[in-house]
Amino acid sequence: MKSLYIKTYGCQMNVYDSILMENIIKPLGFNVVNDAEKADLVILNTCHIREKAAEKLYSELGKIHSSRKNKEITIVAAGCVAQAEGEEIFRRAPFVDIVVGPQSITTLPELIVKASKSKGHVINTDFPKVMKFDRLSDECYGNSQGSSAFLSIQEGCDKFCTFCVVPYTRGAEYSRPVNEIFREALKLVANGAKEINLLGQNVNAYHGEYEGEVWDLGKLISHIAKIEKLERIRYTTSHPRDMHESLYLAHAEAPKLMPFIHLPVQSGSNKILRAMNRKHTTEEYLEIIERFRKLKPKIEFSSDFIVGFPGETEKDFEGTIKLVERVRYAQAYSFKYSTRPGTPGAERKDQVPEKVKTERLLHLQKLINKQQLEFNQSMVGKTIPVLFSNKKGKHQNQIIGKSPYMQSVCIDDPEDKCRDKIVNVRILEAWQNSLLGRELQE
């Protein structure tokens, strides 16, 4: 039997795609290993969101190739960087055998066979008319992911933000049918999932079909919540333009839906938001936050911020600081703007100097970190339900789980009895990125 190694970069969508690729390839006679040096087939599933993503891919490819010169190996570049780079990968890394985009991963079995026969380069970066989900059998879905599982319900993006490559690497928005999603959710729960994370590039733009009707995300969540042994539901990533009434109501009325929303705003300046083609204003964003808090007072938020977008002035940046101060995030992610070839933002002449971007990022992150620490510290003395997986803590006998607000919570579990369970935990201490607690005995 041959061995398969998959390395996943970036977002949760890529994690889900890696699981699909594993399930597609296993029937060809492969078993999964955790060491690239022991593998006959190596797949690098890439993400184009982070800075210098392409260069990181070529660096990793070079390391794999140099370490395996004396053994025959099939190397696959997959994901969004593969989609964006295409044939360029073969030019810069001629030892790569297969390049496949995220919408074409279902063709991997044919590509692997073709590459083994031809001993040449094989590529598929098409956006097929038949979506990748339609090509997959039920056996590819629902395999055990542990107590917390990913389930992709929507892919692609029609927003065309001027900093983003997703519409070019993932294609147009597509929503899977309700029944297909529900069947996969049932299988995941049957295989041990207590929590399901619904995924999409714009997950709240979901508009799947059900018996001649079109359902939105709120209605889908209410349907999935009927699964008896499912205890938690999450979703990511949302867009402010796609908020809708049934989603507000789902947070107010569905106890299984976690009180935590990742809602990227990107900037606190309306001028910069227009330049980014976000098509929402800071005022509209704040209205969304307030509506959720009115319906669900204990709800919390995380967000994404880009500092130093072309044309950003000090006044624009101060708008971002004021928005963060007003919302008070439980968590947030912030990045310096970096150009993505082929996007409108990359063509602008008013790029912000690197030094200025760095200074602004440090200022923003200091505020975000302060808010996150204060939120974590507010948990001390409280009892919260925590879902534990098989992740171990730094110290012997410790195990790590997730709170309803996606905080990492660590407890002592010497007998390993909390794994894959939701346990009530009294929080004893809090730090920037984690909480320490004690299991409350029933």
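1. A word on the model before we start. The structure is predicted, so to speak of local features a pLDDT of at least 70 is needed, side-chain atom pairs count only at pLDDT 80 or more, and totals for chains, interfaces and linings use all residues. Residues are numbered from 1 along each chain as its sequence is written, and side-chain values use heavy atoms, with hydrogens and water left out.

2. Let us begin with charge pairs. Side chains of opposite charge can pair when their charged atoms come close. Here a salt bridge is a side-chain nitrogen of Lys or Arg within 4 Å of a carboxyl oxygen of Asp or Glu, and the structure holds 23 of them.

3. One of these joins Lys26 to Glu22, at 3.2 Å from N to O. Lys26 is partly exposed, at 37% relative accessibility, and Glu22 is also partly exposed, at 23%. (Buried means under 20% relative accessible area, exposed over 50%, and partly exposed in between, with a 1.4 Å probe and protein chains only.)

4. Next, look at Glu155 and Arg170, whose side chains form a salt bridge of 3.5 Å, N to O. This pair links distant parts of the chain, 15 residues apart: Glu155 sits in strand S8 (residues 154-155), and Arg170 in the loop between helix H6 (166-169) and strand S9 (174-175). Helices (H or I, at least four residues) and strands (E, at least two) are DSSP runs, numbered from the N terminus. Both Glu155 and Arg170 are buried. Together with Asp17, they are linked in a network of salt bridges.

5. Which residue does Lys159 meet in a salt bridge? Its partner is Asp242, at 2.9 Å from N to O. The two are 83 residues apart, with Lys159 in the loop between S8 and H6 and Asp242 in the loop between strand S13 (232-236) and helix H9 (245-253). Lys159 is buried at 6% relative accessible area, and Asp242 is buried at 16%.

6. Finally, the second largest pocket has about 380 Å³ of space. Of its 14 lining residues, Lys2, Glu72, Thr74, Ser116 and Lys119 are the closest to its centre. On a 1 Å grid over the protein atoms alone, a pocket is an open set of points where a 1.4 Å probe fits, with protein on both sides within 12 Å along at least five of seven lines; lining residues have an atom within 4 Å of a point. Grid points are joined across faces, edges and corners, and a volume is the space filled by probe spheres set on the points.

7. Helix H5 (residues 108-118) gives the largest share of that lining, four residues. The lining divides into seven nonpolar, two polar and five charged residues. Ala, Val, Leu, Ile, Met, Phe, Trp, Tyr, Cys and Pro count as nonpolar, Asp, Glu, Lys and Arg as charged, and the others, Gly among them, as polar.
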